[in-house]
Structure formats: structure tokens, C-alpha cells
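Notebook open, model loaded. I want to go through the pockets and then the hairpin.

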Amino acid sequence: MGLLGSIFTWWTGATIGTRRQLRGKTRAGEDAAGNLYFEGGRDPNGITRRWVIYNGENDASRIPPEWFSWLTHQVDAAPAQALPAPRPWQKPPVPNLTGTDRAYRPAGALEKGGRRAAATGDYEAWVPGE
């Protein structure tokens, strides 16, 4: 998107102002999706500030649960130090797929052809005036 895009658009990554504010902050890590996490400074309540710079579109559902817990101060250290290794039965997190081709479509949805299974006969439609 270039220089103008990084000045004025926030939805495709960090703006120049955000990147400038991150100077002098500590890089806490990176997740599997390429999102970068930073920490530094304090807010008016004395709590350490934490940021995420998205790799691509800004969508909070793209933050893995372990990094979300770090961002919201549920754990103090970065996930690699604070959390145990993932269990073999755990699935990787999936971002919100609403509005994409991979979104859930129930039977009868127009995107799946619009055909539903026939009624089983246990339903009787209401008719006004009867």
C-alpha cells in the first residue's frame, strides 16, 4: 500500500504513528501468524502497556488464546515462558470466518443451494382465521 497507506490506514497494519510510538518498547514475541507483540511504558493506573501489530488485516480473532491472555494481563510473562507446551489433542485456533468463503453455512442456506430436507410431518403450519 505504500507510504500514504501506512500514514492514513490502520486496518491493514500499523500506521506510522503507531510504529513511532513503539520506539524504545520491548518486543515480547511473535505468534505463528506473524503478529508482533510489544510491551513498555505504563498507563495512568500503573499497568504496563501491551500492543499487538497485526500481520495483515486488523482482526482481534486472529490473536491466539495464549497471546490474548498476555495482552489482557492474565499472565505476566510471554506465552513461551509462562505457559506449558500445547497438548497433542489441542487444535490450533481459527480466526472468525464470518463473511468469508469458509464460513459455516447450515443446510438450506442460499450459498449451499438453498435446499432443505423436507418436513417430517410433525409440524403443522398456523393459518390465520382457523
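I started with the second largest pocket, which holds about 180 Å³ of space. For the record, a pocket here is an open set of points on a 1 Å grid over the protein atoms alone, where a 1.4 Å probe fits, with protein on both sides within 12 Å along at least five of seven lines; lining residues have an atom within 4 Å of a point. Volume is the space filled by probe spheres set on the points, which are joined across faces, edges and corners.

This is a predicted model, so local features need pLDDT of at least 70 and side-chain atom pairs pLDDT 80 or more, while totals for chains, interfaces and linings use all residues. Numbering runs from 1 along each chain as its sequence is written, and side-chain values use heavy atoms, without hydrogens or water.

I listed the lining of the second pocket: D31, A32, A33, S61, R62, I63, P64, E66, P92, P93, V94 and P95. Eight are nonpolar, one is polar and three are charged (Ala, Val, Leu, Ile, Met, Phe, Trp, Tyr, Cys and Pro count as nonpolar, Asp, Glu, Lys and Arg as charged, the others, Gly among them, as polar).

Next I looked up the largest pocket, at about 430 Å³. Of its 14 lining residues, E66, P84, A85, P86 and Q90 are closest to the centre. Helix α3 gives the largest share of that lining, three residues (helices are DSSP runs of H or I, at least four residues; strands are runs of E, at least two; both numbered from the N terminus).

I found G29 opposite Y37, and G34 with a positive phi near 90 degrees.

Definitions and conventions
Two strands pair if DSSP finds at least two bridges between them.
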